[in-house]
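Here is a friendly briefing for anyone opening this structure for the first time. Have a look at the sequence and the model, then read on through the topics below.

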Amino acid sequence: MININSETTYPLENTLFSFALESEAADVFEGQNVVFTGIGKVNAAYELTKVIHQQKPALIVNLGTAGSNYFAKGEVICCTKFVQRDMDVRGLGFQLYETPLSGVPPLLEYGLEMEGLKLGICGTGDSFEMGHAETIYNVVDMEAYALALIAQKENIPFLCLKYISDGADDNAAEDWTEQVHKAAVSYGKLLKILK
C-alpha cells in the first residue's frame, strides 16, 4: 500500500510510478509498475497518455529530481501546484504562464499532499534552469506540469514528489550528476518499497 496520509492509501499493484529517467529509479523500483517518459513535457505527455490508455491506474506517482534555490539539496518536496514556466503569450494579452484558450489557470492546482513533507510549487519547462530567479514557483523540473494536467483531465489521483538535486544555479549540472542516484533510495524508503 502507498500511504499518503492517515486516511488515504492506494494499492501498490495499481499505482503507476512515473520517472523521466531510469537513473532516477535505479534498481529500487524493479518489479513495480513504472513508466520512463524521457525528458521534457512532450515526451512525458505522450508516454503517460499511452500507459493510461493501456491500464487505468488508481494513482499516478511522479518521482524525480528537481532544482530549487528555496529548498535544500536532498529534501523530498511534495508538489501540488504547477506552472508551465516556458508558456509566455503576453504579447496577445494573456497572463504569463497561461495557455491561451485552454481554460486552465496559469497556476494548476492538482495533487495529493503527502503527510510529513513540505509543499512546493513546481515550475515545469523544456530547459534545464541554471539561473532561477522566479518567485511564483520554488521547484524546477521538466515534466511534472504535463503529467499533473493529464492526470487531472483523466480524473486520476496524482502524487508528485521531487528530490532536490541542485540549486537551479550555476552549479546545477554538476550537482544533479552527483545527486541523481540518491533520489531512488530516498523514494524507496519514503514509499516503503525499500524496507
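Y97 is buried, with a relative accessible area of 7%; buried means under 20% relative accessible area, exposed over 50%, and partly exposed in between, using a 1.4 Å probe and protein chains only. This is a predicted model, in which local features need pLDDT of at least 70, side-chain atom pairs count only at pLDDT 80 or more, and totals for chains, interfaces and linings use all residues. Residues are numbered from 1 along each chain as its sequence is written, and side-chain values use heavy atoms, with hydrogens and water left out.

- Y97 lies in the loop between strand 6 (76-84) and strand 7 (107-109); helices (H or I, at least four residues) and strands (E, at least two) are DSSP runs, numbered from the N terminus.
- Y97 is a residue other than glycine, yet its phi is positive, near 75°.
- M87 is also placed in the loop between strand 6 and strand 7.
- Leaving aside residues up to four places away in sequence, M87 touches L96, Y97, E98, T99 and P100, where contact means heavy atoms within 4.5 Å.
- Between the C-alpha atoms of M87 and T124 there are 9.7 Å, and these two residues are 37 residues apart along the chain.

**Other positive phi values**

- Most residues other than glycine have a negative phi.
- A26 is not a glycine, but its phi is positive, at about 50°.
- You will find A26 in the loop between helix 1 (22-25) and strand 4 (34-36).
- Is A26 buried, partly exposed or exposed? A26 is partly exposed, with a relative accessible area of 42%.
- N155, which follows helix 3, has a positive phi near 60°.

**Helix 2 and helix 3**

- The axes of helix 2 (residues 41-54) and helix 3 (residues 144-153) come within 8 Å and cross at roughly 30°; axes are lines fitted to C-alpha atoms, for helices over the stretch in contact, and angles run from 0 to 180 degrees between N-to-C directions.
- That angle makes helix 2 roughly parallel to helix 3, because angles under 35 degrees count as roughly parallel, over 145 as roughly antiparallel, 65 to 115 as roughly perpendicular and the rest as oblique.
- On the helix 2 side, K41, A44, A45, L48, T49 and I52 make the contact, and on the helix 3 side A146, L147 and I150 do.
- Sorted by class, the contact of helix 2 with helix 3 has seven nonpolar, one polar and one charged residues; Ala, Val, Leu, Ile, Met, Phe, Trp, Tyr, Cys and Pro count as nonpolar, Asp, Glu, Lys and Arg as charged, and the others, Gly among them, as polar.
- Helix 3 is mostly covered, with eight of its ten residues buried.
- The buried residues of helix 3 are A144, Y145, A146, L147, A148, L149, I150 and A151.

**T65**

- T65 belongs to strand 5 (residues 59-67).
- With a relative accessible area of 10%, T65 is buried.

**The whole chain**

- How many helices and strands does the protein chain have? The protein chain has four helices and ten strands.
- Along the sequence, their pattern reads β-β-β-α-β-α-β-β-β-β-β-α-β-α.
- Of the 195 residues in the protein chain, 49% are buried.
- Among contacts in the protein chain with a separation of 6 or more, 71% come from residues 24 or more positions apart.
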